[in-house]
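Please examine the sequence and the model shown here.

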Amino acid sequence: PLRVERHRPGQPLTTVVDVVDGKPSTTRFWALRRFHDGTTLVLCRPITGRTHQIRVHLSALGCPIVGDALYGDSTTEDVQEFPICLHAAVYAICPRQHPTDDGTCDGAPCEDVARAVLPLPVGAKERPDVVVYRSTAD
């Protein structure tokens, strides 16, 4: 469960895991490729749509996103050299209010979903099977 922290002027909006007062949230993760520098390319599929959901869930699992200054352990220098390595490859929206957890609407595949394939972020290199971000080894 996630809860958005009360906004403070001049501070970024943050979300925290809160098992008492948080709203239900689900994200599915698949490790697609592990790299020699200790990083992993992860496919994330948020089932719910909470603020910073993917970032908070990965951080709570001990696997923060490279370059995430808010929820990760990146320094200012890291963020300047490697901006947050989070990119939506496909964006899909179901016009119905409550799609089910398995990606269907009312038990049937949703044919009304609006989909868009998004361009690669600046600095990414495309391979036929993965999108690879440059990162450094510790």
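The paragraphs below go from the overall layout to single residues and the contacts of their side chains.

The model is a predicted one. The protein contains 2 helices and 10 strands. Read from the N terminus, these elements follow the order β-β-β-β-α-α-β-β-β-β-β-β. The protein has 138 residues, and buried residues account for 19% of them. Its exposed surface comes to about 10000 Å², of which carbon and sulfur atoms supply 53%. Where contacts link residues at least 6 apart in sequence, 39% of them join residues at least 24 apart.

The relative accessible area of T27 is 13%. Because buried means under 20% relative accessible area, T27 counts as buried. Leaving aside residues up to four places away in sequence, T27 touches C44, R45, P46, I47, Q53, I54 and H57. The side chain of T27 makes a polar contact with the side chain of Q53 at 2.7 Å, and another with the side chain of H57 at 2.8 Å.

The next topic is charge. Side chains of opposite charge can pair when their charged atoms come close. In this structure there are 3 salt bridges.

R3 takes part in a salt bridge with E5, in which the closest N and O atoms are 2.7 Å apart. R3 is partly exposed, with 30% relative accessibility, and E5 is also partly exposed, with a relative accessible area of 22%. R3 meets D18 as well, in a salt bridge with an N to O distance of 2.5 Å. R3 lies in strand β1 (residues 2–4), whereas D18 lies in the loop between β2 (15–17) and β3, so this pair ties together parts that are 15 residues apart in sequence. D18 is buried, at 11% relative accessibility.

A further salt bridge joins D68 and R55, whose closest N and O atoms are 2.6 Å apart. D68 is placed in the loop between α1 (53–60) and α2 (76–81), and R55 is part of helix α1; the pair therefore ties together parts that are 13 residues apart in sequence. D68 is buried, with a relative accessible area of 1%. R55 likewise counts as buried, at 17% relative accessibility. As for the salt bridges that share partners, they join R3, E5 and D18 into one network.

How many disulfides does a search of the whole structure find? The search returns 0.

The salt bridge between R3 and D18 connects strand β1 to the loop between β2 and β3, while the bridge between D68 and R55 connects helix α1 to the loop between α1 and α2.

Technical notes: Residues numbered from 1 in each chain as written. Predicted model: local features only at pLDDT ≥ 70, side-chain atom pairs only at ≥ 80, totals over all residues. Heavy atoms only, no water. Buried < 20%, exposed > 50% of the residue type's maximum accessible area, 1.4 Å probe, protein only. Polar contact = N/O pair within 3.5 Å; in protein donor to acceptor, adjacent residues only side chain to side chain. Contact = heavy atoms within 4.5 Å. Salt bridge = Lys/Arg side-chain N within 4 Å of Asp/Glu carboxyl O. Helix = DSSP H or I, 4+ residues; strand = E, 2+ residues; numbered from the N terminus. Disulfide = S-S within 2.5 Å. Areas by Shrake-Rupley, 256 points an atom, 1.4 Å probe, with all protein chains shown as cover.
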